[in-house]
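Try each task before you read its solution.

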Amino acid sequence: MSHKISVMLHTPAHSGLVGALTYACDTLPPPGSLVRAPLGRRELLGVVWDHPMRVDDETAEPMQLRAISSTLHGIAPLSSNWRQLVQFAATYYQRSVGEVAVAALPSQLRDLSSEQWARRLKRKPKATIAYESAAPDIPAPTTEQTQVLADIDTHPGPFLLFGNTGSGKTEVYLRAAQAVLAHSPQAQILVMVPEINLTPQLEARFRTRFCPQWGANCLVAMHSGLTPAQRLKNWLAAHSGEARIVLGTRMAVFASMPHLQLIVVDEEHDPSYKQQEGARYSARDLAIYRGQLEGAKVILGSATPSLESWHHSRPATPSEPAGRYMRLAMPSRIGQGALPLVRRVDMNRQPYQTVFSNHLLDAMRERVTRGEQILVLLNRRGYAPVLSCHDCGWKSECPHCSAYRVFHKLDRTLRCHHCGFTQPVPRACPSCGNLDISPLGRGTEQLEEHLAELLADVRRPDGQPIRIARIDADSTRLKGELERQLAQVHAGAVDVLVGTQMIAKGHDFRRVTLVAALNPDGALFSSDFRAPERLFSLLMQAAGRAGRDAAMQTASPCEMWVQSFHPLHPLFEALKQHDYPAFAEQQLKEREQATLPPFSFQALVRAEARTQEAAQSFLNAARDAGAALADELLVDLYPAVPMTIQRVANMERAQMLIECTSRKVLQRFLAHWQTDLHALRGTHKQVMRWAIDVDPLAI
Ligand code: ADP
Ligand code: ZN
Ligand code: ZN
């Protein structure tokens with residue numbers, strides 16, 4: 001054993017180790033090699049690292065060190081760019097390098113034993129399947145597309161492609177990818193989408209475009225819906241360079257791609273790009289970093305960009321230089337499908353507890369009679385958010401959370417959407433025995449039922465009764481169910497689709513001419529400063545579902561209806577004009593005045609304990625420990641507060657906000673402060689878990 005190497009392992013959380021351990025070996029595997037190394041009585045997957053952050057056993061002689069168990073043969077070492085990406089992500093998001101490195105690898109690399117691995121290597125690769133399909137119909141680019149593509153070709157980027165829904169952004173991605181593939185025989189492309197249910201559609205479009213020329217193996221998917229075996233196979237295809245295009249969700253940002261030259265982040269504003277556990281990374285932000293690192297171009301695309309990206313792509317003004325991104329605009333919709341007319345209903349003028357105003361109902365009847373489709377959006381699943389007793393005031397609280405259990409009528413359960421606790425609906429009030437307990441408020445289930453009654457007498461053009469469907473997390477719990485239901489909508493088997501935000505994203509429903517948002521007011525007055533931004537983009541996306549087909553708009557223009565108690569709110573005014581820039585400008589002005597992101601940088605520390613006091617006292621002790629340094633660096637440490645939903649699954653949750661006008665300084669503070677937090681954990685034994693969330697999306 002003549003050498004000492006540093007190996008990144010996923011060491012247990014909060015062990016205080018950064019993940020790099022020193023091992024002995026006879027022959028030095030090159031950095032980036034995958035190895036198995038013993039830790040305690042276990043054997044873990046690790047990556048040989050070149051620059052350990054801290055060698056835990058610097059003084060030990062190679063003779064005293066344990067030896068690595070084996071090297072995973074047949075896999076080329078991970079590139080230094082890949083290692084740097086991982087190292088950066090770990091440092092930036094305050095996690096261990098080993099954790100991020102191992103989490104970024106397919107689980108089978110971890111789980112297969114050496115024998116299994118050897119067997120897998122021996123398996124003959126399947127021959128390339130010929131892709132049987134005619135050369136695709138490639139539309140000639142529009143003037144806007146031509147301009148945008150020329151800009152992408154000549155500038156280094158990163159680019160923010162600000163294009164209306166249906167303006168042909170995807171076509172731009174396809175053409176930019178085509179250019180990269182044609183330009184270099186090895187070049188690889190990474191395309192990311194926010195949600196797993198959007199991958200099949202995009203995958204199909206990429207396949208028809210590229211497989212005839214580059215073969216069926218030119219594209220692989222990467223998302224959590226794959227089996228471990230598929231994931232390994234696709235990962236290896238990308239790692240070996242065989243797959244030229246990787247299409248995936250946020251996890252794909254860590255795909256090993258030795259010849260990466262283009263990264264596309266579609267719907268870049270989508271919160272799904274932020275990982276919500278472990279290393280809470282933003283795949284969009286890492287894409288920008290990775291692009292820079294690898295010299296790959298990055299295109300962020302959206303009809304409603306995040307305010308961060310909008311700000312980063314601002315044009316120069318007399319007082320301020322331009323942002324770092326290049327903004328490319330495609331304002332026109334293809335095929336002249338006009339954006340819908342936005343109609344606001346003032347709910348103050350409607351009878352108490354109106355669900356659908358009469359005007360809206362009439363409009364819906366008229367359209368389904370003509371064979372057009374309607375989307376009804378309500379961001380609340382279940383039948384009713386609360387069940388209550390009118391006699392004694394009992395409400396269906398969750399015994400384990402500070403939240404109500406939702407009434408689901410279809411299976412007659414009370415279900416907690418936070419901890420999952422489910423019970424049959426009681427026959428009588430559990431507190432006073434009153435038989436008259438009833439739902440308060442409404443969710444998608446109830447809406448579906450209610451609409452069936454309201455539209456019972458309406459007929460489709462073929463004389464059949466209309467069909468109503470519902471798509472939300474409940475109706476699509478079973479695998480394949482969402483695809484099946486979406487296919488039905490596409491096939492025209494559904495006239496009215498009721499659903500949560502799931503139906504607003506990305507789907508290309510051709511026959512939809514009316515979209516209704518029933519109760520969007522909550523976000524207007526939320527304590528989360530990002531709520532208006534999310535609402536606006538949701539409504540713009542939803543509006544984008546309507547009128548995608550000009551041929552469907554002969555009878556009357558397509559419409560988006562918004563029922564609100566605050567119809568004159570500036571957000572709805574901007575929506576009416578389809579004016580994202582106006583909305584963004586107004587929001588950014590507010591953010592600047594309040595020094596909120598993107599004009600400041602934030603991190604959250606969250607802690608969980610059996611009692612709120614324990615969680616808060618840990619955070620406040622951490623605040624005391626960091627106070628001097630924070631003062632010096634001009635970092636603001638706010639007092640600990642309970643989280644919005646304070647208790648989940650019997651765990652009290654508290655959080656503390658850290659804010660600074662400089663990203664670098666905030667990073668410096670967090671790096672030092674980590675040590676305090678780890679140390680305090682030792683004296684605050686009641687704290688079950690704590691975590692830092694850098695650039696948090698929900699506060
Ligand atoms: P986005 O991604 O911005 O929503 P898409 O790329 O999906 O837009 O384009 C919307 C529709 O217009 C699609 O049906 C697409 O096939 C079509 N399309 C895109 N570019 C062109 C073009 N240059 N000529 C004709 N049709 C196009
Ligand atoms: Zn009661
Ligand atoms: Zn609960």
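## Exercise 1: the zinc site

Along the chain, the donors of the zinc ion (ligand 3) are spaced as C-x2-C-x14-C-x2-C. This is a predicted model, where local features need pLDDT of at least 70, side-chain atom pairs count only at pLDDT 80 or more, and totals for chains, interfaces and linings use all residues. Residues are numbered from 1 along each chain as its sequence is written, chains are lettered from A and ligands numbered from 1 in the order in which they are written, and side-chain values use heavy atoms, with hydrogens and water left out.

**Task.** Find the atoms that coordinate the zinc ion (ligand 3) and work out their arrangement.

**Solution.** 
1. Pick the donors (N, O and S atoms within 2.8 Å of the metal, or 3.2 Å for Na, K and Ca). They are the SG atoms of Cys-398, Cys-401, Cys-416 and Cys-419, at 2.3 Å.
2. Check the angles: the four donor atoms subtend 108 to 113°, so the arrangement is tetrahedral (all angles between 85 and 135 degrees).

## Exercise 2: the shell of ligand 1

**Solution.** 
1. Look for polar contacts (N or O pairs within 3.5 Å). A ligand 1 oxygen atom lies 2.6 Å from a side-chain N or O atom of Thr-170, and one lies 2.7 Å from such an atom of Arg-205.

Notes
A polar contact is a pair of N or O atoms within 3.5 Å; within protein, one must be able to donate a hydrogen and the other to accept it, and residues adjacent in sequence count only if both atoms are side-chain atoms. Four donors count as tetrahedral if all angles lie between 85 and 135 degrees; four count as square planar and six as octahedral if opposite donors are over 155 degrees apart and all others between 65 and 115; anything else is irregular.
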